[in-house]
Amino acid sequence: MSSKVIEELKNNLKIVNSQEKLENIKAKYLGKKGIITLAFKELGKLAHEKRKERGVFLQKEKKQAENLFLQKKEEITKKLKKEKTFVDITLPGKKFSLGHIHPLSQVFKQSQEIFEKMGFLVVEGPELEIEWYNFDALNFPKDHPAREMQDTLWVKEKGKLMRTHTSPVQVRYMEKNSPPFRIIVPGVTFRNEATDASHEVQFNQLECLMVDKEVSVVDFKAIIQNFFDQLFERKVKVRLRPGFFPFTEPSFEIDIQDKKGNWLECMGAGMVHPKVLENSGVDPQKWQGFAFGFGADRMAMIKFGINDIRLFYSSDLRFLNQF
Ligand code: DAH
C-alpha cells in the first residue's frame, strides 16, 4: 500500500516529459525543503512511542519516492534516444552533385552531331598502329623528313607505334569498304613532344574523309564552313592557305578568325592523294575526295577561350566546373 504522498507523486510524474521538470518535482519531495525531508524533521516533535513507527514509515516512503524518480528518469532517457533516430521528412534532403561532360568530350560530341546530320559515319581505329598505316600507305616516303615531323612514339615491337594522327583510319576504312565514303574519325593520338601550353604527348584529333565521283574543294569549303558556324554558334570567317601533307594534293592549311579578328591555324586538309586511294584499293581514276584533320583540343581551346592545353588533362575541378 502506498501513502497519500506517494499517490500524489505518482500522479504528478504522469505528465513529466523532461529531465528538467523531473528535477523540479524531485526537489519538491526530496530536496532540502521537500515534503518528505520536512516530514523527517518533524519526527523530533513526536512522542517517543510514535517516533519509531513514523520513522519506519517515512524511510519506506522515501525509498519508494527515490525509485519512482529513478524509473521516470530512465523512461525519459529512452524516449529521447528514440526521438533522435526519428526521420524528419520535412527537412531539406542531402544534395547530390551530378557530374557533367568534359569540355573536350563536349566538342567531340557536338562535332559528331554536326557531321552525322551531313551524312557522315563515325568510325574508329586502333591507337597502337603499324608503320604501314601511319606512314607508308599515306604516301610518306621512307626517308622523308615528314616522318620525323611527327615525333613518333615507337613501341618495343618492331614496326609498331602509337598513332601520331587519325589519318591511318582513312586507309583502314577504305580497304574494307567500297566508295562513296563519308566518315569522321574522332580519337586520341600521341607524339613524343615536350609538353607546354599548346603541346601534350597525348591529344585528340578528328579526321574527316569524303570520297565520291565528283567531290571537289568547293564541297570541302561548304562542309567546313557549315561545321565551324555550328560549332562556334556564329558566322565564322575561314581562310585556306597552301600547305603540305604527303597524303593530299593539293594540301591546305585552314585558318579561322576569332572574335577579335586574329587568324588561328586550326586544321590540315587537302584532296586525297591518288597514291593513298590506290594503297587503299580504291581506283583514283573513278573516285576522288577530300580529307582533313584537326586537333580537337585546339578546337575546344578556341571555342571556350582556354589558353593552356594541359588544363584538359589536369582533372582540376576549379577548371572543369566552368564548363
Ligand atoms: N594528319 C595530319 C596531322 O596530324 C592532319 C591532316 C592534314 C589530316 C591533312 C588530313 C589531311 O586528313 O588531309 O598533322
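Author: Helices (H or I, at least four residues) and strands (E, at least two residues) are DSSP runs numbered from the N terminus. The structure is a predicted model, in which local features need pLDDT of at least 70 and side-chain atom pairs count only at pLDDT 80 or more, while totals for chains, interfaces and linings use all residues. Residues are numbered from 1 along each chain as its sequence is written, and side-chain values use heavy atoms, with hydrogens and water left out.

Reader: Which element holds proline 250?
Author: The peptide bond from glutamate 249 to proline 250 is cis, with omega near -5 degrees. As for its place in the fold, proline 250 lies in strand 8.

Reader: What is the phi of asparagine 139?
Author: Asparagine 139 is placed in the loop between helix 6 (131-134) and helix 7 (146-149). Its phi is positive although the residue is not glycine, with a value near 75 degrees.

Reader: How many residues surround the ligand, and how do they divide by class?
Author: Counting a residue as near when one of its heavy atoms lies within 4 Å, 16 residues surround the ligand, and the closest are His165, Ser167, Arg191, Gln205 and Glu207. For the classes, Ala, Val, Leu, Ile, Met, Phe, Trp, Tyr, Cys and Pro count as nonpolar, Asp, Glu, Lys and Arg as charged, and the others, Gly among them, as polar. On that basis the shell has 5 nonpolar, 9 polar and 2 charged residues.

Reader: Which side chain has an N or O atom 2.9 Å from a nitrogen atom of the ligand, and how much of the ligand does the protein bury?
Author: Among the pairs of N or O atoms within 3.5 Å, the side chain of serine 167 places an N or O atom 2.9 Å from a ligand nitrogen. A polar side-chain atom of glutamine 170 is 3.2 Å from a ligand oxygen, and a backbone N or O atom of phenylalanine 292 is 3.3 Å from an oxygen atom of the ligand. By the Shrake-Rupley method with a 1.4 Å probe, the ligand taken alone exposes 350 Å², of which the protein buries 91%.

Reader: Which elements give two or more residues to the shell around the ligand?
Author: The ligand's shell holds 16 residues. The elements that supply two or more of them are strand 6 (202-212), strand 9 (263-272) and strand 10 (288-295).

Reader: In the sheet of 7 strands, which strands stand at the edges, and why is one side of each left without a neighbour?
Author: Two strands pair if DSSP finds at least two bridges between them, and the 7 strands form an open, mixed sheet in the order 1-5-6-10-9-8-7. Each edge strand has a single partner, so one side of it has no neighbour in the sheet, and these are strand 1 (121-122) and strand 7.

Reader: Over how many bridges does strand 8 pair with strand 9?
Author: Strand 8 (residues 248-257) pairs antiparallel with strand 7 (residues 238-243) over 6 bridges, and a hairpin of 4 residues joins the two. Valine 238 faces isoleucine 256 in strand 8, while serine 251 stands opposite glycine 270 in strand 9. Strand 8 and strand 9 are also antiparallel, and their bridges number 8.

Reader: In the sheet of 3 strands, which residue stands opposite leucine 128?
Author: That open sheet is antiparallel and has the order 2-4-3. Strand 2 meets strand 4 (residues 160-162) over 3 antiparallel bridges, and opposite leucine 128 stands methionine 162.

Conventions:
Polar contact = N/O pair within 3.5 Å; in protein donor to acceptor, adjacent residues only side chain to side chain.
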